[in-house]
Amino acid sequence: MVTPEQIEAWIKAGLPCDYIKVEGDGHHFEATIVSAEFRGKMRVAQHQLVYRALGDKMKAEIHALSMRTLTPEEWHG
Amino acid sequence: MNIQDVIREQVTSHPVVLYMKGTPQFPQCGFSATAAQILKACGVNDFYAVNVLENPEIREGIKQFANWPTIPQLYINGQFVGGADIMRELYQSGELQKLLAAGH
């Protein structure tokens with residue numbers, strides 16, 4: 001079963017994160033992700049960066065991932 | 001017509017299209033249920049819903065269409081708006097209502 005820590009590691013491997021926290025029960029996960037890469041991007045593009053970092057993991061291992069994406073400014077705001 | 005053309009036709013011939021698991025009356029996934037409820041809360045009851053569980057080709061094709069790996073997916077006037085999380089954020093900020101009013 002996938003753990004929140006694994007998902008954190010997968011995302012961090014593909015996207016530089018200032019802060020990341022993933023919580024979940026092995027089936028449903030909630031992620032809060034802060035990255036400078038999100039600056040100047042629409043929400044859709046921000047989520048696409050996270051999905052790209054996860055790649056095929058989204059198809060096979062992760063059933064449900066809810067996410068909140070923030071720029072460092074929004075996070076500290 | 002290949003499946004990408006079918007999807008393009010669907011999203012451009014209806015102002016509001018929701019790709020979901022199940023139907024608005026009987027959603028079969030929590031995220032899809034949320035998405036349908038948000039549209040209704042915005043006063044949009046006649047959106048065009050596509051149940052991807054009835055069509056495996058669309059279920060896979062829609063993920064490529066928007067380069068977005070999850071369902072639900074909302075389109076307004078042919079434009080991909082987002083999934084359930086983004087719909088909720090846009091709804092809470094009032095932006096979704098504006099997008100729907102402009103497109104509907």
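Trainee: Let me begin with a single side chain: with which side chain does the side chain of Ser66(A) make a polar contact?

Mentor: Keep in mind from the start that this is a predicted model. In it, the side chain of Ser66(A) makes a polar contact, at 2.7 Å, with the side chain of Asp85(B). Ser66(A) itself belongs to strand 3 of chain A, which covers residues 64-70.

Trainee: Is Ser66(A) buried or exposed?

Mentor: Ser66(A) has a relative accessibility of 15%, and because the limit for buried is under 20%, Ser66(A) counts as buried. Once neighbours within four places in sequence are set aside, the residues in contact with Ser66(A) are Phe29(A), Glu30(A), Ala31(A), Phe31(B) and Asp85(B).

Trainee: How should I describe the area buried between chain B and chain A?

Mentor: The general idea is that the size of an interface is often given as the accessible area lost when the parts come together. Here the area buried between chain B and chain A is about 1,100 Å², and carbon and sulfur atoms give 64% of it. Chain B brings 12 residues to the contact, while chain A brings 11 residues.

Trainee: How many residue pairs are in polar contact between chain B and chain A?

Mentor: Between chain B and chain A there are six residue pairs in polar contact, counting pairs in which both residues have pLDDT 80 or more. On the side of chain B that touches chain A, the elements that give two or more residues are strand 4 (79-82) and helix 4 (84-93) of chain B. The residues on that side of chain B divide into seven nonpolar, three polar and two charged.

Trainee: Which residues form the salt bridge between Arg43(A) and its partner in chain B?

Mentor: As a general idea, side chains of opposite charge can pair when their charged atoms come close. In this model one salt bridge is counted between chain B and chain A, and Arg43(A) forms a salt bridge with Glu89(B), with the closest N and O atoms 2.5 Å apart.

Trainee: With which other residue does the side chain of Arg43(A) meet in a salt bridge, at 3.6 Å from N to O?

Mentor: That residue is Glu74(A), whose side chain meets the side chain of Arg43(A) at this N to O distance. Glu74(A) lies in helix 4 of chain A and Arg43(A) in helix 2 of chain A, so the pair ties together parts that are 31 residues apart in sequence. Glu74(A) is partly exposed, with a relative accessible area of 40%. Taken together, Arg43(A), Glu74(A) and Glu89(B) are linked in a network of salt bridges.

Trainee: How many salt bridges are there over all chains?

Mentor: The count comes to seven salt bridges over all chains, and one of them joins the side chains of Glu73(A) and Arg39(A), at 2.9 Å from N to O. Glu73(A) is in helix 4 (residues 72-76) of chain A, whereas Arg39(A) is in the loop between strand 2 (28-34) and helix 2 of chain A, so the pair ties together parts that are 34 residues apart in sequence. Glu73(A) is partly exposed at 45% relative accessibility, and Arg39(A) is partly exposed at 44%.

Trainee: How many residues does the largest nonpolar core have?

Mentor: The general idea is that in soluble globular proteins, nonpolar side chains tend to be buried together. In this model the largest nonpolar core has 53 residues, and those with the most contacts inside it are Ile7(A), Ile33(A), Leu54(A), Leu18(B), Tyr19(B) and Leu74(B). Helix 2 of chain A, residues 43-54, gives the most to this core, with six residues.

Trainee: Which residues does Leu54(A) touch, not counting residues up to four places away in sequence?

Mentor: With those sequence neighbours left out, Leu54(A) touches Ile7(A), Trp10(A), Ile11(A), Ile62(A) and Leu65(A).

How values were computed:
Residues numbered from 1 in each chain as written. Chains lettered and ligands numbered in written order. Predicted model: local features only at pLDDT ≥ 70, side-chain atom pairs only at ≥ 80, totals over all residues. Heavy atoms only, no water. Contact = heavy atoms within 4.5 Å. Buried area = accessible area lost by both parts, 1.4 Å probe. Salt bridge = Lys/Arg side-chain N within 4 Å of Asp/Glu carboxyl O. Polar contact = N/O pair within 3.5 Å; in protein donor to acceptor, adjacent residues only side chain to side chain. Helix = DSSP H or I, 4+ residues; strand = E, 2+ residues; numbered from the N terminus. Nonpolar A, V, L, I, M, F, W, Y, C, P; charged D, E, K, R; others polar. Core = buried A, V, L, I, M, F, W, Y, C linked by side-chain atoms within 4.5 Å. Buried < 20%, exposed > 50% of the residue type's maximum accessible area, 1.4 Å probe, protein only.
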